[in-house]
Amino acid sequence: MTAPPSTTLTDHVTGTVNGIGESTVRPDGIPKLQGSFAYASDLETEGMLWAATVRSPHPHARIVDIDPGPALAIGGVHAVLTAEDVPGRLLFGLEHPDQPVLASDVVRYWGEPVAIVAAEDPETARIAAAAVTVEYVVLDPLVDPEEADTRDEVFRRIRIRRGDQDVRGSVVVEGVYEVGMQDQAPLGTEAGLAIPDGEGGVDLYATTQYVHADHSQIVASLDLTAEMVRSHPTGIGGAFGAREDVNLHIHLCMLALYTRRPVKQVYQRSESFTGHVHRHPARLRYRHEADEDGRLVRVEADVLIDGGAYASTTSAVLGNACYFAVGPYKCDNVNVDGVGVRTNNPPCGAMRGFGAVQVCFAHEAQMDRLAAALDMDPLELRRRNALATGDALATTGQRIDTPLPTREVIDSLVAMPMPEDDDSEDPLRLPGGTGLTTERRDVRRGVGYAFGIKNLGFSEGSDDYAQARVLLSPQGAIVETAAIEVGQGLVTVVGQIARSALGIGNVEVRHIDTSRIGSAGSTSASRQTQLTGGAVLAAATALRDRVLTEFAGEYLDDDGVWRDGELVVPYAELASGGWEETTTFRHPPTEEPDENGQGTLHADFAVAGHRAIVDVDVGLGLVRVVRIDTAQDVGKALNPESVRGQIEGGILQGVGLAMMEELIVEGGVIRNPTFTDYLLPTVLDAPDVEALLIEQEGSWGPHGAKGVGEPPTISSTAAVAAAIREATGLALPRVPIRPEHVALEGGV
Amino acid sequence: MDFVVATDLEEALDALGRGALPLAGGTDLMVGVNAGQRPDNVVALRRVRELRQRNGQRIGAGVTWRVIEDEGPRALAQAARTVGSPQIRNAGTLGGNVGTASPAGDGLPFLAAVDAEIELTSREGVRTLRWDEFFTGVKETARRTDELITAVVLPAALPGRQEFAKIGVRNAMVIATVACVVTRADDGTTTVALGSVAPTPIRIPEAEELAKTLSDPGSAALDEFQHLVAAGVRPITDHRSTEEYRRHGAGVLARRLLTRCLREGAA
Amino acid sequence: MNPVGVVTQVNGREIARSVPARMTLVEFLRDELGLTGTKVSCELQVCGVCTVLVDRKPVSSCAFLAVDIDGREVTTIEGVASDGKLHPIQQAFIDHFALQCGFCTPGFVMMAVALLEEVPQPTPEQVVSYLEGNICRCTGYRSILEAVLDAADRLERASP
């Protein structure tokens with residue numbers, strides 16, 4: 001079989017040797033700017049067929065019969081496969097397998113795959129998919145998460161009991177909050193190409209955040225040995241959590257093995273909205289109790305998240321929601337009752353912020369309410385309760401032993417200069433934008449603050465590791481990893497780390513398949529800079545040390561090994577010596593929670609704060625987010641411009657959740673699975689951003705770096721909501737905040 | 001799919017006579033094609049020069065939003081600026097907007113506000129329909145399938161003051177939740193037209209009557225005006241907004257636009 | 001389906017093909033010509049990802065019929081660099097970190113090319129207006145705006 005044009009993604013990076021902390025540009029920038037970078041959707045090979053998915057039109061139904069006949073009768077159709085054709089385990093799942101590769105007896109969500117088709121071209125495949133006749137008996141869908149809780153349809157319950165149950169505060173505030181279902185909406189849809197190897201095995205090139213997790217699930221469902229399946233990294237058009245779970249991966253491998261032809265699929269946008277998991281919608285009930293001085297004495301929270309039809313990562317998301325339910329604050333007496341329910345709504349799983357986003361919206365609203373009840377400056381309230389290194393996390397009691405500059409984040413954010421009042425009548429600077437709805441006279445300005453905390457890396461006893469290899473080749477040093485670059489810039493930072501450790505400027509990063517290297521874990525949980533970066537640092541350092549020891553050298557560079565100012569081993573000679581080092585890096589171990597949710601569950605934490613400045617047209621409920629200032633705990637910024645890119649992009653996703661991004665699900669059916677109606681922020685919706693990086697080294701990440709991807713998304717939503725509350729005086733207990741929530745409660 | 005690229009009106013009308021669907025800028029039809037619809041017979045109109053002509057108050061159906069944005073009457077140009085993206089405005093046409101007759105068509109409230117006529121041409125000749133004869137329902141019009149929308153004809157004298165505004169959930173590239181045009185002539189004659197709040201573009205005669213009596217942008221009677229507009233629309237609740245908000249937004253928007261007209265008059 | 005003859009120029013190269021009537025321009029570019037630099041994302045011309053220039057004007061190639069480029073000139077991302085050298089707009093995107101996943105990048109570059117041809121020294125407001133139909137999910141846009149403004153300066157300095 002012909003291999004696709006790019007079987008190994010390589011990014012050739014050259015740059016300064018001691019480049020840690022410098023803003024080296026992206027090595028994949030040139031091909032991406034010229035249109036030559038191969039995304040999964042661009043791959044092709046000779047003799048390729050195209051796949052399409054038959055999906056359930058019902059959120060809950062029993063399958064009576066599937067008739068592939070009409071589809072198979074269409075010219076150019078090579079296969080129609082159903083659950084009966086799954087060679088191995090019918091179920092897959094990231095945490096535990098509960099989701100059918102193809103539904104066999106019952107469909108449990110709208111859009112669930114029922115059959116798959118391979119045909120000569122994409123249009124024929126789609127026509128054939130539509131021609132597969134599926135007879136259903138429609139069942140009542142369970143779509144109310146509270147009812148699911150009552151009926152004990154749950155993926156996980158968490159019960160946190162910490163401190164003294166009898167201690168009460170004199171000032172009490174309560175609130176109920178709700179967060180809608182956000183979608184990651186990466187611009188590249190799910191895509192992949194599976195190529196049979198002619199010996200019963202298969203190579204898969206598909207959109208993913210985690211090739212090794214894909215691989216183990218594919219192997220199980222295909223009933224093949226691990227060696228027979230190779231899952232390859234490929235070009236990815238964004239991810240944000242949407243690509244942790246398997247979607248088309250097993251389907252494509254099945255079709256390729258069945259037809260003995262390469263099979264490709266690219267989801268259309270509407271299919272993408274059903275083909276990946278979403279951010280969990282949440283209902284949050286809170287009670288905060290403080291003493292007269294504003295010290296938190298008790299926090300109680302009920303956390304309900306809707307996991308939809310299948311488990312995905314609901315258990316871990318619920319964990320985060322519960323463990324970070326109090327935010328970056330101290331409190332000794334905490335009860336949290338969390339539940340992740342199973343419904344017939346679309347399955348939910350990972351999205352940037354992973355449970356911390358939902359609770360942050362609630363705990364920050366509570367802190368503002370509490371400040372009002374205390375008649376205290378809300379920032380002073382937060383300062384008094386700020387969590388610091390050496391303190392115990394309010395929920396789990398874990399003693400925090402890495403730098404946690406909550407207080408510094410608060411103080412430096414407050415100290416950032418405020419923008420001038422805007423008197424511009426330029427519609428681009430007003431709510432409503434080009435719609436010309438609003439004049440300056442219609443606008444009230446509001447300012448709001450919010451702070452969030454989240455774990456970095458996998459938690460609760462996971463064996464979290466990343467493997468990387470560094471070798472010296474005639475072309476220069478090579479870093480090999482299965483870590484997935486989804487756009488975040490791993491490839492840049494890994495190159496910087498390798499160069500600085502080796503002393504060699506000429507470094508290539510190769511993204512290689514599952515058969516050639518161990519797992520790097522998922523590109524999620526803000527973990528790759530710390531984990532894969534840590535592995536690369538360790539491998540490169542060990543390799544350099546071995547080389548220097550072998551030749552009694554003083555240092556290494558692109559010319560070779562040097563001693564006493566003389567080149568003792570030229571690089572070319574070194575490069576033929578087969579020098580390589582493979583290292584597996586682990587972060588400090590974590591524990592599973594005890595029966596009260598207590599323990600050292602997390603390896604590291606990061607805090608961030610956001611100040612949102614908004615202009616609100618109260619009469620129409622339209623908002624322009626003018627600016628967001630942020631201070632973020634980054635440990636050490638290995639590439640400050642890349643960090644800034646994560647911050648600005650992450651903030652805009654937070655703004656999106658605050659203002660417009662929601663999958664509208666009615667009776668289990670998504671009503672807006674298009675970019676016409678699932679609205680993403682445009683350039684006109686993007687605030688100016690000023691970012692301050694708080695660097696306190698001491699984390700176990702390379703050079704003290706912390707993960708930076710998620711914190712920008714955690715408290716930005718809450719800050720925007722707080723600012724709109726300040727402008728309007730409304731409670732606004734739900735995001736996204738829609739125009740009607742402001743205009744109809746606020747009046748004109 | 002049978003596909004004809006018409007280069008002149010004759011060819012276009014021939015194709016329509018054979019049952020072809022007209023394709024102007026592609027904004028609406030191609031959405032369906034990408035969603036898997038397969039019209040068997042399409043005639044592309046982009047090359048038909050007659051449709052791109054503008055003569056006085058007659059705007060060819062093939063005139064693009066981009067041209068209208070730069071050269072159209074004030075409120076229509078304001079509406080044009082809110083149509084989709086710059087890419088869409090380079091391709092999308094006024095005629096396409098009229099032909100699709102979406103309740104949210106950005107150009108339609110203006111046509112209602114100025115009592116525009118729609119010119120329809122077929123092998124049998126030309127007829128013109130007033131906007132309210134033409135728009136008959138949600139995406140329904142009085143156009144026969146053999147007829148081509150060849151132009152929109154505006155009245156000879158347009159009102160001196162005209163204001164458009166549109167509410168959407170984001171600040172650009174958005175489908176209207178409510179759109180409104182208010183026009184005012186020197187003699188005080190006022191028109192109030194709205195989109196996205198009824199199956200077709202809609203006028204609010206009661207509010208227009210009241211507005212005629214107003215001249216002070218600070219008038220207390222604006223409350224009543226706003227109320228009449230809110231009461232006069234017939235919106236629905238869907239995934240984009242609620243009936244209640246659309247009603248409210250219609251009133252607020254109309255009031256603001258009337259105020260803008262009156263302020264201009266006062267200045 | 002009846003194929004329709006199309007004679008066009010793509011990135012300066014004469015192309016004569018017979019294409020199915022309902023083929024979109026982006027399908028023509030990607031599947032017929034192998035120019036996969038132009039991406040598809042929303043299929044509804046509301047994301048800007050598939051933007052190409054037809055007679056130097058930006059259009060969404062997902063909603064543009066291939067037959068409709070007959071007699072016209074098409075420019076795609078592959079036609080922006082010349083003589084193996086990045087266009088100043090492309091270089092500015094790299095230098096300003098104006099891309100992450102890069103999926104939206106070709107569309108933004110094509111818009112920037114069209115804008116700077118039409119308005120060589122745009123104001124920030126003009127850049128914002130011109131880019132309002134292009135979605136970026138990664139960057140937050142600031143770096144893209146800076147890249148386009150900087151590219152305008154670079155182009156001005158480069159031209160006598």
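**Exercise 1. Burial and overall shape of chain C**

Task: State what share of the residues of chain C count as buried in this predicted model, and decide whether the radius of gyration of chain C agrees or disagrees with that of a compact globule.

Solution.
- Step 1. Chain C has 160 residues, and 63% of them count as buried. A residue is buried if 20 or more other C-beta atoms lie within 10 Å of its own.
- Step 2. For 160 residues, a compact globule would have a radius of gyration near 15 Å. The value for chain C is 16 Å, so the two agree.
- Step 3. Along the principal axes, the C-alpha atoms of chain C fill a box of roughly 45 × 35 × 25 Å.
- Step 4. Take the contacts in chain C with a separation of 6 or more: residues 24 or more positions apart account for 60% of them.

**Exercise 2. Elements and domains of chain C**

Task: List the order of the elements of chain C, then describe how domain 1 and domain 2 of chain C touch.

Solution.
- Step 1. Chain C contains five helices and five strands. Read from the N terminus, their order is β-β-α-β-β-β-α-α-α-α.
- Step 2. The chain is divided into domain 1, residues 3-79, and domain 2, residues 88-158.
- Step 3. The centres of these two domains of chain C, taken over C-alpha atoms, are separated by 21 Å.
- Step 4. Domain 1 of chain C puts 15 residues into the contact, and domain 2 of chain C puts in 13 residues.
- Step 5. On the domain 1 side, β3 (51-54) and β4 of chain C are the elements that give two or more residues. Of these, β3(C) gives the most, with three residues.
- Step 6. By class, the domain 1 side of this contact has seven nonpolar, five polar and three charged residues.

**Exercise 3. What chain C touches**

Task: Work out which elements of chain C give the most to its contact with chain A and to its contact with chain B.

Solution.
- Step 1. Start with chain A: 42 residues of chain C are in contact with 43 residues of chain A.
- Step 2. On the chain C side, the elements that give two or more residues are α2 (88-95), α3 (105-118), α4 (124-130) and α5 (142-158). The largest share, four residues, comes from α2(C).
- Step 3. The chain C residues that touch chain A comprise 22 nonpolar, 13 polar and seven charged.
- Step 4. Turn to chain B: 25 residues of chain C are in contact with 22 residues of chain B.
- Step 5. Here strand β4 of chain C, residues 57-60, gives the most, with four residues.
- Step 6. The side of chain C that touches chain B has 13 nonpolar, six polar and six charged residues.

**Exercise 4. Helix α5 of chain C**

Task: Compare the span of α5(C) with the expected span, and find what its buried residues pack against.

Solution.
- Step 1. α5(C) has 17 residues. From its first C-alpha to its last it reaches 24 Å, close to the 24 Å expected at 1.5 Å a residue.
- Step 2. The buried residues of α5(C) include Ile144(C), Ala147(C), Val148(C) and Ala151(C).
- Step 3. An α-helix has 3.6 residues a turn, so residues three or four places apart point the same way.
- Step 4. Within chain C, the buried residues of α5(C) pack against α2, α3 and α4. In chain A, they pack against α15 (640-659) and β33 (688-694).

**Exercise 5. Pro141 of chain A**

Task: Is Pro141(A) buried or exposed, and which residues does it contact, leaving aside its neighbours within four places in sequence?

Solution.
- Step 1. Pro141(A) lies in the loop between β9 (133-138) and α4 (145-150) of chain A.
- Step 2. It has 20 C-beta neighbours inside 10 Å, so Pro141(A) counts as buried.
- Step 3. With neighbours within four places set aside, Pro141(A) is in contact with Pro59(A), His60(A), Asn344(A), Gly667(A) and Gly668(A).
- Step 4. Arg108(A) is 33 residues from Pro141(A) in sequence, and their C-alpha atoms are 8.0 Å apart.

**Exercise 6. Chain B as a globule**

Task: Why is chain B counted as being as compact as a globular protein of its length?

Solution.
- Step 1. The secondary structure of chain B comes to eleven helices and 14 strands.
- Step 2. The globule rule gives 18 Å for 267 residues, and the radius of gyration of chain B, 19 Å, is close to that; therefore chain B is as compact as a globular protein of that length.
- Step 3. Of the 267 residues of chain B, 61% count as buried.

Key. Residues numbered from 1 in each chain as written. Chains lettered and ligands numbered in written order. Predicted model: local features only at pLDDT ≥ 70, side-chain atom pairs only at ≥ 80, totals over all residues. Contact = placed C-beta atoms within 7 Å. Nonpolar A, V, L, I, M, F, W, Y, C, P; charged D, E, K, R; others polar. Expected span 1.5 Å × (residues − 1). Buried ≥ 20, exposed ≤ 12 C-beta atoms within 10 Å, placed from the backbone. Domains from an automatic or database assignment. Rg over C-alpha atoms; globule rule 2.2 N^0.38 Å.
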